[in-house]
Each structure stands twice: as structure tokens, then as C-alpha cells.
There are 2 protein chains.
Amino acid sequence: MSRWQPDTRARLEEAALALYGERGFERTTVAEIATRAGLTERTFFRHFSDKREVLFGGNGAFNALLAKGIADAPHTGAPIDAIVAAISGLETVFAERRDLARQRYAIINAHPELRERELIKLATLATTFSEALQARGVGELAASLTAETGVTILRVSFQRWVASEDPLPTIVQSVFAELKQLIAGVSSGK
Amino acid sequence: MSRWQPDTRARLEEAALALYGERGFERTTVAEIATRAGLTERTFFRHFSDKREVLFGGNGAFNALLAKGIADAPHTGAPIDAIVAAISGLETVFAERRDLARQRYAIINAHPELRERELIKLATLATTFSEALQARGVGELAASLTAETGVTILRVSFQRWVASEDPLPTIVQSVFAELKQLIAGVSSGK
DNA sequence: CATCGCAATGTCAGTAACTGACATCATCAT
DNA sequence: ATGATGATGTCAGTTACTGACATTGCGATG
């Protein structure tokens with residue numbers, strides 16, 4: 001038996017998610033999270049750089065997964081198709097975590113500080129997208145523009161995904177279709 | 001003679017900009033800013049909700065100006081043309097503040113915390129754009145998509161504006177032209 | 001002219017996020 | 001057996017931010 005309980009990081013994440021949900025983000029202290037996980041405040045800060053980051057820990061793996069999805073996508077269509085394929089590919093990982101995602105989503109949306117953090121994570125995701133596209137030979141300008149569009153698609157799709165029970169690929173396809181229509185010039189003015 | 005020196009808010013902004021520039025954002029305390037402005041820390045927090053907000057104070061007026069610009073734009077072209085016109089219209093206000101803008105820009109870019117704040121300001125600007133377009137009869141989906149594109153144009157244009165000496169309208173026009181070309185299908189792949 | 005209320009600031013005490021320095025001690029390689 | 005290691009604990013300190021209350025010119029009101 002080891003000296004400490006395992007999965008320290010995961011325990012902190014669980015405790016934080018639970019407390020943020022029960023009392024709200026601002027009214028839970030880091031000390032409370034740590035205690036609930038059977039640890040001390042200092043240890044919390046050894047695993048997460050700040051009180052918000054505990055909600056965004058999986059982000060690195062998430063970005064890497066999407067980057068791999070883009071790299072593995074067929075070279076048949078336009079760059080945006082590779083991104084759409086990569087996003088759809090998240091289904092295998094996310095299907096069973098929808099309830100968790102819902103909790104997280106609700107907490108983040110309720111607190112401007114957390115929305116700030118989410119926005120910067122999405123900004124870095126955009127550069128991840130852009131780099132993955134450039135690695136496939138897409139030019140820099142087109143890559144960054146496509147990347148930002150891809151982030152928009154992901155954001156809207158994810159939003160609908162947590163609010164429904166439909167599988168992710170279905171949602172992504174419909175969001176992409178809507179976007180295509182809009183860009184094609186259906187101005188939809190009154 | 002009044003009891004206190006006038007322009008408290010402006011004095012705090014100046015002091016903060018100077019100190020952030022000299023020592024960096026993290027290494028200047030709010031107490032130092034307040035002292036340089038001849039005030040106390042508590043008064044700083046009566047004027048700005050937190051240490052970052054002092055750099056974003058003019059944001060409300062900025063958004064309002066852009067909203068008015070959209071409302072006043074001619075109804076001849078597409079919705080995006082109204083946004084482009086509104087952005088170009090900023091020239092009259094910003095022409096003489098380019099050096100100030102440069103300082104601010106450098107400080108914000110050097111600190112992730114400040115970039116977070118900027119991103120959320122841009123997100124609210126996007127909703128401002130969207131609402132202004134909807135007030136002109138643009139449909140909701142088209143409005144929000146156009147708004148986000150508008151924010152992208154503003155961001156890129158502003159970035160080039162601080163790095164050059166050209167007038168804003170010229171830059172906005174060329175950025176818009178590039179974007180049009182990209183969307184029109186110049187895929188620029190290898 | 002007296003005074004009364006207000007508005008902007010000051011003062012002070014307190015909470016909580018975050019950091020640096022050092023201590024502890026099971027585990028593991030040697 | 002021993003000594004290095006790595007994850008954690010302990011503790012003191014800084015600083016962002018808040019709430020409660022005190023101060024005092026100024027302007028309105030009588």
C-alpha cells in the first residue's frame with residue numbers, strides 16, 4: 001500500500017466540481033475543496049495553477065485528441081471538413097460523459113471569471129487547429145480563418161449537445177450545414 | 001476650490017498604464033497605483049472592479065460608439081458592410097491616440113490574465129454587433145455570424161493599425177478585401 | 001447665515017487566493 | 001542498511017478585494 005491515496009488530481013477535480021455545483025464557484029474556498037479530497041490547500045495549488053484551472057485540466061488531452069483527429073482525417077475535402085471530422089470523432093470519448101459535461105457547462109456559464117478562462121482555452125484551441133491544418137499543407141491565412149470557424153462550430157455544437165440527447169456527429173453535421181447555408185448567401189433578412 | 005483633485009478616474013488610469021509599462025502588470029500593486037495617483041487603494045476599487053479593469057474602462061463608450069456607427073450606416077450593402085463602416089468610423093476618435101493604444105496593446109499582450117479580460121470584452125462586443133444588426137432587421141443567425149466575423153476584422157485591423165502609421169479605414173478595407181478573397185474560395189493550399 | 005445632507009474619499013479590519021521555504025516520510029534503487 | 005526521491009504537509013507572508021464606519025468640503029434649504 002502506498003503512502004498516499006492514488007488519483008490525487010482526479011479527487012481534487014471531483015471535489016471541486018461537486019462544491020462548485022452545490023455552493024457556487026465564488027462561495028467555495030480552495031481549502032474546502034482540498035479538505036473534501038483529503039488533502040491540503042497547498043497540494044491543490046501544486047496540481048492546479050489557480051482555482052479555475054481545476055475545471056479545465058483535461059484541456060491539453062482534449063486539444064491533442066482534436067489535433068490527431070485532424071491529422072488522421074482524409075485529404076479528400078476542404079480543410080474545414082477535416083475539422084468537422086475531428087470534432088465528430090470526439091463522440092467515442094464523450095458519449096458517456098454527457099452528465100459530467102452538463103455540470104461543468106452549467107458552472108462555467110454561471111461565472112464570468114470561468115467564462116474568461118474558457119474563452120482563452122478556445123483561443124488556444126484555434127491555434128491548435130490552425131497548426132494542424134498547416135501541417136497538412138494549408139496556407140497560413142486560410143488555416144487560421146478555417147480554425148476560427150472550426151472553433152465556432154465546436155462551440156455551437158457542444159452547446160446543443162449538452163442540451164439534447166442526440167449523438168455528437170449528428171449535431172455537428174447539422175450545425176455545419178446551417179453554417180454553409182448562411183455563408184452561401186441566404187441572408188435571411190426580414 | 002474643490003475638496004479633491006478632479007479626474008480621479010483618469011488619474012488612476014494613467015498611473016496604472018505607466019506602472020504596468022514600467023514594472024509589468026504582476027509586479028505592480030494596486031496600492032502603488034493609488035499612491036501614484038494621490039489616492040488610496042480603497043478608492044481604486046471604488047472606480048474599478050478589479051486590477052485589470054483599469055485598462056478596459058473606456059470599453060462601454062467604445063461599444064456604444066460602434067453600435068451607433070452600425071445604426072447610422074447606409075442600408076445599401078450587406079450587413080457586414082455596416083460593421084466595416086462602423087469600424088472605419090473609429091478613425092476620428094482614435095487617430096490621435098495611437099501611442100496610447102500601442103502602450104495598452106503591449107501590456108495586454110504580455111499578460112495572459114489581461115488577454116483573458118480582452119477576450120471577454122470582445123465577446124460582449126460581438127453581442128453588441130449582433131444586436132445592432134438585428135435592430136436593422138437582420139435575422140438572428142446571420143446577425144451573430146456576421147457579428148463574429150466583424151469582431152475578427154476589428155481585431156486584425158486594430159493589430160495592424162498599432163503596428164503601422166496608416167489610417168484605420170485604409171487598413172480595415174484591405175483586411176476586409178483579404179477576407180472576402182479567402183471566403184470566395186482562394187483555398188491557397190499547397 | 002446656520003445647518004443639514006450628500007458624495008467622494010479615507011481608515012481599518014478581515015477574508016481568501018496564491019507563493020516560497022522548509023519538514024516529513026514511505027518507497028525504491030543500490 | 002542506507003540514502004536519494006517525490007509527493008505531501010506546515011507555516012509564514014504578500015496582495016487582491018470587501019464591508020463597515022469616519023471624515024469633510026460643498027451645495028441646498030430654511
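**Exercise 1.** What percentage of the 190 residues of chain A count as buried?

*Solution.* Begin by noting that the structure is a predicted model. A residue is counted as buried if 20 or more other C-beta atoms lie within 10 Å of its own. By this criterion, 28% of the 190 residues of chain A are buried.

**Exercise 2.** Describe the secondary structure and the extent of chain A.

*Solution.* Start with the elements: chain A holds ten helices and zero strands, and along the sequence these give the pattern α-α-α-α-α-α-α-α-α-α. Next take the extent, for which the C-alpha trace of chain A spans about 55 × 40 × 30 Å along its principal axes. Finally, look at the contacts between residues at least 6 apart in sequence, of which 56% in chain A join residues at least 24 apart.

**Exercise 3.** Work out how chain A and chain B are related.

*Solution.* Chain A is superposed on chain B by a rotation of 180° with 0.0 Å of shift along its axis, and the RMSD is 0.1 Å. The two copies are therefore related as by a two-fold rotation axis. In chain A, the C-alpha nearest this axis belongs to A:Glu116 and lies 2.7 Å from it. The same surface serves both copies, since 95% of the contact residues of chain A recur in chain B.

**Exercise 4.** Characterise the surface near DNA strand C.

*Solution.* Among the 17 residues around DNA strand C, those that come nearest are A:Asp50, A:Lys51, B:Thr8, B:Arg42 and B:Thr43. Two or more residues each are given by α2 (30-36) and α3 (41-47) of chain A and by α3 (41-47) of chain B, and α3(B) gives the most, with three residues.

Terms used. Residues are numbered from 1 along each chain as its sequence is written. Chains are lettered from A and ligands numbered from 1 in the order in which they are written. This is a predicted model: local features need pLDDT of at least 70, side-chain atom pairs count only at pLDDT 80 or more; totals for chains, interfaces and linings use all residues. A residue is near a molecule or strand if its C-beta atom, placed from the backbone, lies within 6 Å of it. Helices (H or I, at least four residues) and strands (E, at least two) are DSSP runs, numbered from the N terminus. A residue is buried if 20 or more other C-beta atoms lie within 10 Å of its own, exposed if 12 or fewer, and partly exposed in between; C-beta atoms are placed from the backbone. Two residues are in contact if their C-beta atoms, placed from the backbone, lie within 7 Å. Copies are superposed by least squares on the C-alpha atoms of residues with pLDDT of at least 70 in both.
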